[in-house]
Amino acid sequence: MSKISKMIDDVTGKTQKDQETRERFTFLQKMAEGKSSQFKDELRVMLANKSKTGQIEVVGDVAFEYHSGHHVNISTSCDDSIMDAVSDFFKGSDGLKDGFEKIVKHGLSGLIGNTSLGETQEDMFFVFPENYSIVRVDVKAYRYNFSTKGLLADDVENVFVYSMCKSIVNHKTVSPDYLMHAVVDMMGQDAAIKDVMDFIKQLVACWKLLDECQIDGEEVLRSAVEHPGEVPDYIARSADSLGLTAHLASNDENADLPLTEDIANLTAEEVLRRAA
């Protein structure tokens with residue numbers, strides 16, 4: 001599996017044939033970008049509609065990060081490429097990423113192994129512990145298999161396009177039991193729990209941390225400033241980055257010190273994520 005952009009960059013010659021090859025790959029890239037842009041718009045609409053997100057609702061009904069990929073010649077031996085995508089888009093320990101990689105590969109296995117001519121599309125979602133939050137990862141993936149190798153561009157058998165986004169799960173609306181059910185569903189019934197145990201442990205630990213933090217974001221931040229040493233350092237860093245420390249240190253409730261944003265509208269989940 002190769003990125004279309006890399007295929008374009010690899011065409012370095014200046015002959016007529018080289019120019020034609022570059023033009024074909026550039027056309028293919030624009031088609032793929034159009035598909036991923038469509039997916040991004042569909043994900044925005046989906047997240048804004050609680051009836052479509054199911055039981056795993058997200059904070060603010062929006063995603064905070066998007067990522068797209070445009071590839072050619074996807075096959076069942078593309079494990080390294082999937083691992084690279086997971087490493088680029090997700091933060092965490094090796095054990096956490098390894099477990100999540102297995103889950104993602106299982107989710108994409110049907111599409112990756114599909115050799116039927118024409119187009120195929122799959123939608124899926126995952127959950128992932130990141131930056132003291134539980135993150136919902138929605139994925140839209142598309143594959144088109146050409147009837148003849150090289151029909152549209154040299155040595156190209158298929159095109160693979162995906163778009164995915166990350167949003168913060170509202171932990172108050174989902175139980176750890178349901179999260180576990182979602183993880184097992186993502187893995188498939190034939191997978192072994194021991195293969196993703198690090199992933200599961202960190203997911204449950206993250207939920208427990210959020211569950212114990214039954215206060216809003218502003219209260220978390222004010223505690224960091226008014227009671228130093230009683231909250232973790234990472235929350236204190238969040239208060240500093242939002243300008244709250246300087247604001248409260250003025251000892252004047254009417255002080256005109258700008259905050260970087262309206263802290264009253266921050267949830268505990270958002271505070272914890274920003275503090276990482």
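The structure holds 4 aromatic pairs, counted where ring centres of Phe, Tyr or Trp (its six-membered ring) lie within 6.5 Å. One of them joins F160 and Y162, and this pair is tilted, at 5.9 Å centre to centre and 40° between the planes. Planes under 30 degrees apart count as stacked, over 60 as edge-to-face and the rest as tilted. This is a predicted model: local features need pLDDT of at least 70, side-chain atom pairs count only at pLDDT 80 or more, and totals for chains, interfaces and linings use all residues. Residues are numbered from 1 along each chain as its sequence is written, and side-chain values use heavy atoms, with hydrogens and water left out.

**Aromatic rings**
- F160 counts as buried because its relative accessibility is 4%; buried means under 20% relative accessible area (1.4 Å probe, protein chains only).
- Y162 is also buried, at 11%.
- F100, F126 and F128 are linked by ring pairs into a cluster.

**Charges over rings**
- K35 lies over the face of Y142, 4.5 Å from the ring centre.
- K40 has its charged end over the ring of Y66, 4.9 Å from the centre.
- The criterion is NZ of Lys or CZ of Arg within 6 Å of the ring centre and within 35 degrees of the ring normal.

**Helix 2**
- Helix 2 covers residues 16-47; helices are DSSP runs (H or I, at least four residues), and strands are E runs of at least two, numbered from the N terminus.
- Its 32 residues should span 46 Å, and the end C-alpha atoms are 47 Å apart, which agrees. The expected span is 1.5 Å times one less than the number of residues.
- Buried residues of helix 2 include F25, L28, A32, K35 and F39.
- Their cover includes helix 1 (4-9), helix 3 (50-53) and strand 4 (133-145), with contact meaning heavy atoms within 4.5 Å.

Conventions: Buried means under 20% relative accessible area, exposed over 50%, partly exposed in between (1.4 Å probe, protein chains only).
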